[in-house]
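Here is a short briefing to read alongside the model. Please keep the sequence and the coordinates open as you go.

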Amino acid sequence: MWLFLAFLLVPLIEIALFIQVGGAIGLGWTLLVVVITAVLGTMLVRAQGMQALGQVKSSFSEMRDPSEALAHGAMILFSGALLLTPGFFTDAVGFALLVPAVRLAVFRWARSRIKVTTFSTHAGPKRQHPDIVDGEYTEVDPDRQEVRGPSGWTKH
């Protein structure tokens with residue numbers, strides 16, 4: 001239902017704002033403002049997107065939880081889509097999502113409403129004692145070793 005309301009209300013809000021702004025400053029200036037916000041928004045999204053990508057990479061390399069960095073990256077991507085969409089309301093929401101404090105507030109709000117389950121990639125039971133090594137072996141009788149030629153994988 002929320003998605004339906006968004007698809008219904010956002011275009012109506014945009015049309016109303018275009019009529020109001022166009023009546024106040026004229027059609028040419030209105031179109032120029034829309035183009036300028038799209039260009040400026042693209043530059044800001046690119047810069048912040050690269051920064052967010054660096055944060056994601058560093059969280060992976062430092063074995064930290066990447067969820068916050070990934071959420072910021074997703075919000076920056078979403079803000080880019082909003083800024084490229086012609087309109088004043090979508091531009092306002094898009095520019096708001098480019099503010100780190102706003103993204104952090106949205107992330108905290110979403111995190112409070114979402115249950116996250118973690119997992120571990122540890123395969124197998126933990127050892128009881130650090131000096132114990134579990135393994136298998138086969139005894140090789142030195143008298144029964146057969147002499148073979150090259151394996152074929154190397155050139156001799």
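Predicted model: local features only at pLDDT ≥ 70, side-chain atom pairs only at ≥ 80, totals over all residues.

Residues are numbered from 1 along each chain as its sequence is written, and side-chain values use heavy atoms, with hydrogens and water left out.

**Helix H1 and what follows**
- Helices here are DSSP runs (H or I, at least four residues), numbered from the N terminus.
- Helix H1 covers residues 2-25, and its 24 residues should span 34 Å at 1.5 Å a residue; the expected span is 1.5 Å times one less than the number of residues.
- The end C-alpha atoms of H1 are 33 Å apart, which agrees with that expectation.
- Just after H1 comes Gly 26, with a positive phi of about 100°.

**The nonpolar core**
- Val 45, Ala 52, Ile 76, Leu 83 and Leu 98 make up the largest nonpolar core, which has five residues.
- Helix H2 (27-61) and helix H3 (67-84) are the elements that give two or more residues to this core.
- Such a core is a set of buried Ala, Val, Leu, Ile, Met, Phe, Trp, Tyr and Cys residues joined through side-chain atoms within 4.5 Å; buried means under 20% relative accessible area, exposed over 50%, and partly exposed in between (1.4 Å probe, protein chains only).
- Not counting residues up to four places away in sequence, Leu 98 touches Leu 44, Val 45, Gln 48, Ile 76, Ser 79, Leu 83 and Arg 103; contact means heavy atoms within 4.5 Å.

**Two buried residues**
- Gln 48 lies in helix H2 and is buried, because its relative accessible area is 18%.
- The side chains of Gln 48 and Arg 103 make a polar contact at 2.7 Å (a pair of N or O atoms within 3.5 Å; within protein, one must be able to donate a hydrogen and the other to accept it, and residues adjacent in sequence count only if both atoms are side-chain atoms).
- Ala 69, in helix H3, is buried with a relative accessible area of 10%.
- Beyond its neighbours within four places in sequence, Ala 69 is in contact with Gln 55 and Val 56.

**The charged pair**
- The structure holds one salt bridge, meaning a side-chain nitrogen of Lys or Arg within 4 Å of a carboxyl oxygen of Asp or Glu.
- Arg 64 forms a salt bridge with Glu 62, and the closest N and O atoms are 2.8 Å apart.
- Arg 64 counts as partly exposed, because its relative accessibility is 43%.
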